[in-house]
Amino acid sequence: MDNFKVNKIFFSNDTEISVTYSYNNESGKKITNTEEIAYWNAEPLDDSKAEDFTKLSTEEQRKGTWGLDEVFIPNTFFNRSENFEYYDCGTTDGCTTAEIKDYFEGSFDELADEIETRINNNLL
């Protein structure tokens with residue numbers, strides 16, 4: 001892949017992180033693709049709550065503290081492993097879905113740079 005470039009990182013829904021990227025294939029043709037590479041997940045710290053965090057009301061989200069992970073999906077251009085990669089991001093600490101999205105969006109530029117570096121330097 002020549003001239004690999006991340007065009008955009010965005011939420012495709014409340015939890016899923018997608019990347020639109022482009023590169024030149026072997027014949028020089030520009031290829032553009034969008035791929036889901038990760039998602040965030042909030043797990044209740046209290047096993048009695050088995051609800052979907054994103055479906056809770058804002059008030060309910062603010063009341064609780066849930067474990068927060070970023071999960072990279074296997075078999076993508078970013079995670080070539082066959083295993084999910086889990087990264088502990090602490091807890092929701094009274095944040096809402098919108099605030100958690102803001103938290104992750106704050107690192108999208110850094111993530112784009114990391115992806116481009118890893119792809120262009122054959123580190124994947």
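I began with helix 2 and asked what covers its buried residues; the cover includes strand 1, strand 3, helix 1 (58–63), strand 4, strand 5 and helix 3. Contact here means heavy atoms within 4.5 Å. Buried means under 20% relative accessible area, exposed over 50%, and partly exposed in between, with a 1.4 Å probe and protein chains only. Helices (H or I, at least four residues) and strands (E, at least two) are DSSP runs numbered from the N terminus.

I noted the ground rules. This is a predicted model, in which local features need pLDDT of at least 70 and side-chain atom pairs count only at pLDDT 80 or more, while totals for chains, interfaces and linings use all residues. Residues are numbered from 1 along each chain as its sequence is written, and side-chain values use heavy atoms, with hydrogens and water left out.

**Helix 2**

I listed the buried residues of helix 2: Thr97, Ile100, Lys101 and Phe104. Seen down the helix axis, they fall within an arc of 100 degrees, so they line one face of helix 2. The arc is taken from the directions from the helix axis to the C-beta atoms.

**Whole chain**

I counted 3 helices and 5 strands. Their order from the N terminus is β-β-β-α-β-β-α-α. The C-alpha trace spans about 55 × 25 × 20 Å along its principal axes. Of the 124 residues, 39% count as buried. Among contacts between residues at least 6 apart in sequence, 50% join residues at least 24 apart.

**Core**

I turned to the largest nonpolar core. Such a core is a set of buried Ala, Val, Leu, Ile, Met, Phe, Trp, Tyr and Cys residues joined through side-chain atoms within 4.5 Å. It holds 27 residues, and Ile9, Ile37, Phe77 and Ile115 touch the most other members. Two or more residues each come from strand 1 (2–11), strand 2 (16–24), strand 3 (30–44), strand 4, helix 2 (97–105) and helix 3. Helix 3 gives the largest share, 5 residues. I checked Ile115: leaving out residues up to four places away in sequence, Ile115 touches Phe4, Val6, Ile9, Val19, Ile37, Phe77 and Phe78.

**Pocket**

Next I looked up the largest pocket, with a volume of about 240 Å³. A pocket, on a 1 Å grid over the protein atoms alone, is an open set of points where a 1.4 Å probe fits, with protein on both sides within 12 Å along at least five of seven lines; lining residues have an atom within 4 Å of a point. The volume is the space filled by probe spheres set on the points, which are joined across faces, edges and corners. Glu70, Phe72, Phe78, Glu85, Tyr87, Ser107, Glu110, Leu111, Glu114 and Arg118 form the lining. Helix 3 gives the most, 4 residues. By class, the lining has 4 nonpolar, 1 polar and 5 charged residues. Ala, Val, Leu, Ile, Met, Phe, Trp, Tyr, Cys and Pro count as nonpolar, Asp, Glu, Lys and Arg as charged, and the others, Gly among them, as polar.

I followed up Phe72, which lies in strand 4. Phe72 is buried, at 5% relative accessible area. Its contacts beyond four places in sequence include Ile37, Phe78, Tyr87 and Leu111.

**Positive phi**

I checked Asn75, in the loop between strand 4 and strand 5. Asn75 is not a glycine, yet has a positive phi of about 60 degrees. Asn75 is exposed, at 54% relative accessibility. Asp93 sits in the loop between strand 5 and helix 2. Its phi is near 45 degrees, also positive in a residue other than glycine. Asp93 is exposed, at 60%.
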